[in-house]
Amino acid sequence: MRTETNINEQEAAKQREIMERLKVRLAKKSEELGRPLTYCSVCFGCQMNAKDSEKLEGILETIGYVRTESEEADFLIMNTCTVRENANLRVYGRLGQLKKLKKKNPEMMIALCGCMMQESLVVEKIKQSYRHVDIIFGTHNVFKLAELIENKLDSKGMVIDIWEGTTEIVEDLPSDRKYDFKCGVNIMFGCNNFCSYCIVPYVRGRERSRKPEDIIDEIEKLVSDGVVEVMLLGQNVNSYGKTLDEPISFAELLKRVEQIEGLKRIRFMTSHPKDLSDELLEVMANSTKICKHLHLPMQSGSTKILSDMNRRYTKEDYLALVDKIKTAIPDISLTTDIIVGFPTETEEDFLDTLDVVRKVRFDSAFTFIYSKRTGTPAATMEFASTEEEIKERFNRLLHEVQEIAKETCSKDEGKTMEVLVEGLDEQDESLLTGRLSNNLLVHFPGDVSLIGTFQNVKLSEAKGFYYIGELV
Ligand code: SAH
Ligand code: SF4
Ligand code: F3S
């Protein structure tokens, strides 16, 4: 009998073979043109998507494409997000412009993938209105990019390959890392929570955890390659491992990752409040490597709305959890996601959200106006508030969140703390940018040779959401 591992190993081997063939084929093409073939990779959405893009880029580099930031490339790949309507609109906007580029370079190939492509209406629309797209695939078959390119080279029409779902996890394919010293690592895929507003479970499929051995193996390889910080990725890392043949908790996984020699920092996202265990808090409190930061999306402060959202905790549960976290790890930085204008939300419900924001005092919060996603339960609910009321609430929330964050983020002013130097400051190239354990950034004068190293920096001046500092 073929086991799942067998199938996956065979699949990976098949893809590597195709990559070898393509390498030869594309080298010939590049020789004919007398220049290297280029690719441009555009990515929208969350860190899961960013990680998928690194895998796609790994495949493209392996077969011989050279990266360019310009969209005037021979191969353009757009990894899409559909979590809010805005994300979709941006893709259609870009596609319109790409038509002109393709006229200039008929050799150009355009590929679309990611969450938006898992929606059949989107694919229909692209088939009809954006005929210049060459390849469309989804979130479950990222590993197949080389095969899809080969299919496209051998055919005239649009190549479309969307899977409804998958139970498979194909390991051991190339990945092109954005940073030398830090890297995201998938620990699970998909989501089973079905929050009533959210499209993710529909486009990312059911929850699947990677085996702990595979995760540890990958991190060990990364560390031997110079990586000092990993970010463990999943839509709900707190339910990691529950569906494995040999179940293991997320806290247990963290303990194993902590033991990897040479690894200095461990981060993870995202934590669902309903599954955050005491065991996890204990592991975090005792760890020297797990960063003092928890992203704990609250979504709303109203128990009624949380119930309509299917979040499975109450306002009181959330506040009690935050108290427990702050007691266990006093210097923790807490960040969150909040949705304003969920259909059933009234002014009273919104005041509950403000109340929680004031009580918790988040270090930062991503705030979103609810966006209707067709196919989700919330999409058929009637609105209790007008658009203007929602806009006005959003502004009030944003103001509150920012005022609090400014104070919370300044609390370490004057202290000296360790940062991982990540690169040049984007605004001012005479400065370096480093990241504190609590995820805040510090800008300070220093030499580029420090990038990728840990340094002690004095946090001389708090600037609201970041610090200006100096090396000590
Ligand atoms: N798995 C993560 C969230 C992933 S989506 C979690 O549960 O925390 C990132 C954020 O987008 C969510 O936390 C939510 O705040 C926001 N979001 C998701 N669907 C949305 C929608 N339909 N409208 C507005 N914001 C939404
Ligand atoms: Fe969406 Fe909820 Fe899953 Fe997060 S936990 S991805 S918000 S369904
Ligand atoms: Fe967007 Fe997909 Fe992530 S919908 S937020 S890219 S999982």
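User: Which residues gather in a patch of negative charge on the surface?

Analyst: This is a predicted model, in which local features need pLDDT of at least 70, side-chain atom pairs count only at pLDDT 80 or more, and totals for chains, interfaces and linings use all residues. Residues are numbered from 1 along each chain as its sequence is written, and side-chain values use heavy atoms, with hydrogens and water left out. A patch is made of residues with over 30% relative accessible area and no salt bridge, like charges being joined within 9 Å; a salt bridge is a side-chain nitrogen of Lys or Arg within 4 Å of a carboxyl oxygen of Asp or Glu. Here the negative patch comprises Glu9, Asp172, Glu213, Asp217, Glu220, Asp245 and Glu246.

User: Which helix gives the most to the negative patch?

Analyst: Helices (H or I, at least four residues) and strands (E, at least two) are DSSP runs. Helix 7 (residues 212-224) gives the most, with 3 residues.

User: Is strand 4 buried or exposed?

Analyst: Buried means under 20% relative accessible area, exposed over 50%, and partly exposed in between (1.4 Å probe, protein chains only). In strand 4 (residues 109-114), 6 of the 6 residues are buried, so the strand is largely enclosed by the rest of the structure. In a regular strand, side chains alternate between the two faces of the sheet. Met109, Ala111 and Cys113 point one way from strand 4, and Ile110, Leu112 and Gly114 the other way.

Notes: Chains lettered and ligands numbered in written order. Patch = residues over 30% accessible without salt bridge, like charges linked within 9 Å, V, L, I, M, F, W, Y side chains within 5 Å. Areas by Shrake-Rupley, 256 points an atom, 1.4 Å probe, with all protein chains shown as cover. Lys, Arg positive; Asp, Glu negative; His and termini not counted. Charge placed at Lys NZ, Arg CZ, Asp CG, Glu CD.
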